[in-house]
Amino acid sequence: LCLQVPELEKATVRIRQPERVREIIQSLREQGVAKLQVISDFDMTLSRFGCNGRRCPTSHNILDTSRVISEDSKKKLKDLLHYYYPIEIDPNRTLEEKCPLMVEWWTRAHELLVQQKIHKNDIAQIVRESEAMLRDGFKEFFDQLHKNNVPLFIFSAGVGDILEEIIRQANVFYSNVNVVSNYMDFNDDGVLTHFKGPLIHTYNKNNTVLQGTGYFQQLSTRTSIILLGDSMGDLTMADGVPSVENILKIGFLNDKVEERREKYLDSYDIVLESDETLDVVNGILRYLLTE
């Protein structure tokens, strides 16, 4: 397989069942472009986890640390992060334990943001001034999918308005890109009043929050899936797809690599450890999309 996808030779790549991965990639290629769709998380999956030893911001972080947030609220938002993030990534806690705590975290964070009276017109500038970074190779990734009419579904527990703006400013917000995320609701004066429902957090990225969108139903012939995520919660993102024939799950293991490796290797077909690029994904797409 490395002959067809040399990127799989990268030192960051770990695969528990190479033979199985080879079969899935072969099947995806045989099924053809017309059956393919990509389902991806955004924060720390399409966007970078770190750069030069520093953490890159998520779409929530970009807002949390921007000039439109008071110092007092910045501190409160940071406190929430320090309390809840270790719970979110703790490999020893069950989903049942984590879910209500994630709802609590997102709800409290969103309430703090609403108190700031954020203005819709400030969003583009907030993103421009931020340290948001998409992964190296993002342009090829978005371009390849767009050129071949492959739908890209971004399923994010982040802030939809912010992540859309990041993609827009990178000039890759094409017509094949669809986003489901937490969107802000503004009043007639353009001031944030609340977040639209349903609330999407790390561990409910599944069919429950897609009710009524009909997105996957419209794509019912797209039965070949490449799924990209960076958490255990991302593994359910394709649950709404009516009939999956082939699915290749690629996981970015960004943080606490040693202690989480086993769990990721059990769950994802390909695990990319501390890899800030989309090289492997692009290599696979190149192989699938070239005649």
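Residues are numbered from 1 along each chain as its sequence is written, and side-chain values use heavy atoms, with hydrogens and water left out. In this predicted model, local features need pLDDT of at least 70 and side-chain atom pairs count only at pLDDT 80 or more, while totals for chains, interfaces and linings use all residues.

The chain is divided into domain 1 (6-51 + 133-289) and domain 2 (54-129). These bounds come from an automatic or database domain assignment. The centres of the two domains, taken over C-alpha atoms, are separated by 21 Å. Contact (heavy atoms within 4.5 Å) links 36 residues of domain 1 with 31 residues of domain 2.

Nonpolar side chains tend to be buried together in soluble globular proteins. In this model the largest nonpolar core has 93 residues. Such a core is a set of buried Ala, Val, Leu, Ile, Met, Phe, Trp, Tyr and Cys residues joined through side-chain atoms within 4.5 Å. Buried means under 20% relative accessible area, exposed means over 50%, and partly exposed lies in between (1.4 Å probe, protein chains only). Phe-141, Ile-226 and Ile-284 have the most contacts inside the core. Domain 1 and domain 2 each supply at least three of the core residues.

Helix packing comes next. Two packed helices are described by the angle between their axes and the distance between the axes. Helices (H or I, at least four residues) and strands (E, at least two) are DSSP runs, numbered from the N terminus. Axes are lines fitted to C-alpha atoms, for helices over the stretch in contact, and angles run from 0 to 180 degrees between N-to-C directions. Angles under 35 degrees count as roughly parallel, over 145 as roughly antiparallel, 65 to 115 as roughly perpendicular and the rest as oblique.

Helix H6 (residues 138-147) packs against helix H10 (residues 279-289) at about 25 degrees, with the axes 10 Å apart. H6 is therefore roughly parallel to H10. Their crossing is left-handed. A crossing has this hand if the near helix is turned anticlockwise from the far one by less than a right angle, and is right-handed if clockwise. From H6, Glu-140, Phe-141, Gln-144 and Leu-145 take part. They meet Val-281, Asn-282, Leu-285, Arg-286 and Leu-289 of H10.

Gln-144, in helix H6, is buried, with a relative accessible area of 9%. Leaving aside neighbours within four places in sequence, Gln-144 is in contact with Asn-282, Leu-285, Arg-286 and Leu-289. The C-alpha atoms of Gln-144 and Leu-101 are separated by 38 Å, with the two residues 43 apart along the chain.

H10 also packs with helix H1 (residues 18-31). The axes come within 8 Å and cross at roughly 40 degrees, so H1 is oblique to H10. Ile-25, Gln-26, Leu-28 and Arg-29 of H1 make the contact with Ile-284, Tyr-287 and Leu-288 of H10.

Helix H3 (residues 71-89) and helix H4 (residues 95-115) pack at an angle of about 165 degrees, their axes 10 Å apart. H3 is therefore roughly antiparallel to H4. The crossing is left-handed. Residues making the contact include Leu-77, Leu-80, Leu-81 and Tyr-84 of H3 and Leu-101, Trp-105, Ala-109 and Leu-112 of H4.

Several loop residues deserve mention. A cis peptide bond joins Gly-197 and Pro-198, with omega about -10 degrees. Pro-198 sits in the loop between strand S8 (192-195) and helix H8 (215-218). Asn-204 lies in the loop between S8 and H8. Asn-204 is buried, at 13% relative accessible area. Leu-199 and Val-209 touch Asn-204, residues up to four places away in sequence not being counted. Asn-204 and Cys-99 are 105 residues apart in sequence but 7.8 Å apart in space, C-alpha to C-alpha.

Asn-52 has a positive phi, near 50 degrees, and is not a glycine. Asn-52 lies in the loop between strand S3 (50-51) and strand S4 (54-55). At 76% relative accessibility, Asn-52 is exposed. Asn-149 has a positive phi of about 55 degrees. Asn-149 lies in the loop between H6 and strand S5 (152-159) and is exposed at 54%.
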